[in-house]
Amino acid sequence: MTRRGSSYRSITSLQRDNKSCRACAEAGFPIESLPVAAGYAGQRAYMFGQAPGVVEGVERRPWRGRAGQTLRRWLGMEEAEFYDTFYCASVTRCYPGRVRSGGGDRTPTAREQELCSFWRQWELALLRPRLIVVVGGLAGRRLLGLRSLDESIGRRFEVGDSVSVPIPHPSGVSRWLNDPANQAKFRKAVGLVHEEVAKLATSP
Ligand code: SF4
């Protein structure tokens, strides 16, 4: 049963309610897992993806499947460093299932995205991360209002007191990186993430 407080004073109480959220199922959407959430352990950066995959849905931990391995390889991070650095969240937090035609995972509908934005808004208010890494086009549209990867990869954005760096999605479905013209933008984006992560270590 979904429970949403009128306000939250701690990430612990927010996560407790988020973990039992069934808002999309209650609205009739065919989600196929319970919410996937990372534990909060003082991470100062926020990683914002699209939605969990099937592996994440089973383990109930973000970035556990092949896309997560690719993402860590891109960033040059081992698992421990990755999860110590980033609090991982996504536009929607339950595995949306596959599209009926079999062409990969279903993109969450606009209504599901809206239902799940409640959790993101409270997370950002409570955590106030210095760095937000936005992964993929849908996450970029939802959080930064970006229109396309072409216009945004390789750039920094300000979100309140945070710096945000978009990167492409590491799933095999994304073809954006296949274009050689995008490789330089991608390398610049990864460099920006490293710069901003390094700043976290020295900022108060
Ligand atoms: S996707 Fe988000 S809003 Fe929908 S049921 Fe899962 S946690 Fe709740």
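Helices (H or I, at least four residues) and strands (E, at least two) are DSSP runs, numbered from the N terminus. With elements named in this way, helix H2 (23-26) and helix H6 (110-127) each supply at least two residues of the shell around the ligand. The structure is a predicted model, in which local features need pLDDT of at least 70 and side-chain atom pairs count only at pLDDT 80 or more, while totals for chains, interfaces and linings use all residues. Residues are numbered from 1 along each chain as its sequence is written.

**The ligand shell**

The residues that surround the ligand are Cys21, Arg22, Ala23, Cys24, Ile31, Pro35, Thr92, Arg93, Cys94, Glu112, Leu115 and Cys116, where a residue is near a molecule if its C-beta atom, placed from the backbone, lies within 6 Å of it. H6 gives the largest share of this shell, three residues.

**The chain as a whole**

Along its principal axes the C-alpha trace spans about 45 × 45 × 30 Å.

Of the 204 residues, 39% count as buried, a term for residues with 20 or more other C-beta atoms within 10 Å of their own, whereas exposed residues have 12 or fewer and partly exposed ones lie in between, with C-beta atoms placed from the backbone. Among contacts between residues at least 6 apart in sequence, 68% join residues at least 24 apart, two residues being in contact if their C-beta atoms, placed from the backbone, lie within 7 Å.

**The nonpolar core**

The largest nonpolar core has 43 residues, of which Tyr46, Met47, Phe48, Phe86, Val133 and Val193 touch the most other members; such a core is a set of buried Ala, Val, Leu, Ile, Met, Phe, Trp, Tyr and Cys residues joined through C-beta atoms within 7 Å. Leaving aside neighbours within four places in sequence, Phe48 is in contact with Ala89, Ser90, Ile132, Val133, Val134, Val135, Ala139 and Leu143. Phe86 is found in strand S2 (residues 86-90), and, with the neighbours within four places again left aside, Phe86 is in contact with Gln43, Ala45, Tyr46, Met47 and Val133.

In helix H4 (residues 66-75) the buried residues are Ala67, Gly68, Leu71 and Leu75. These residues cover an arc of only 100° around the axis, which puts them on the same side of H4, the arc being that of the directions from the helix axis to the C-beta atoms. What covers them includes helix H5 (79-85) and helix H9 (180-202), and just after H4, Gly76 takes a positive phi of about 65°.

In helix H7 (residues 137-144), six of the eight residues are buried, so H7 is largely enclosed by the rest of the structure. The buried residues are Gly137, Leu138, Ala139, Gly140, Arg142 and Leu143, and they pack against strand S1 (45-49), H6, strand S3 (131-135), helix H8 (149-152) and strand S5 (162-167). Just after H7, Gly145 takes a positive phi of about 70°.

**Loop residues and their surroundings**

Most residues other than glycine have a negative phi. Phi of Arg60, however, is near 60°, and Trp63 has a positive phi of about 55° although it is not a glycine. Arg60 lies in the loop between helix H3 (54-59) and H4, and Trp63 is likewise found in the loop between H3 and H4, while Arg147 has its place in the loop between H7 and H8.

| Residue | Class | Other C-beta atoms within 10 Å |
|---|---|---|
| Phe86 | buried | 26 C-beta atoms |
| Arg60 | partly exposed | 18 C-beta atoms |
| Trp63 | buried | 27 C-beta atoms |
| Arg147 | exposed | 11 C-beta atoms |
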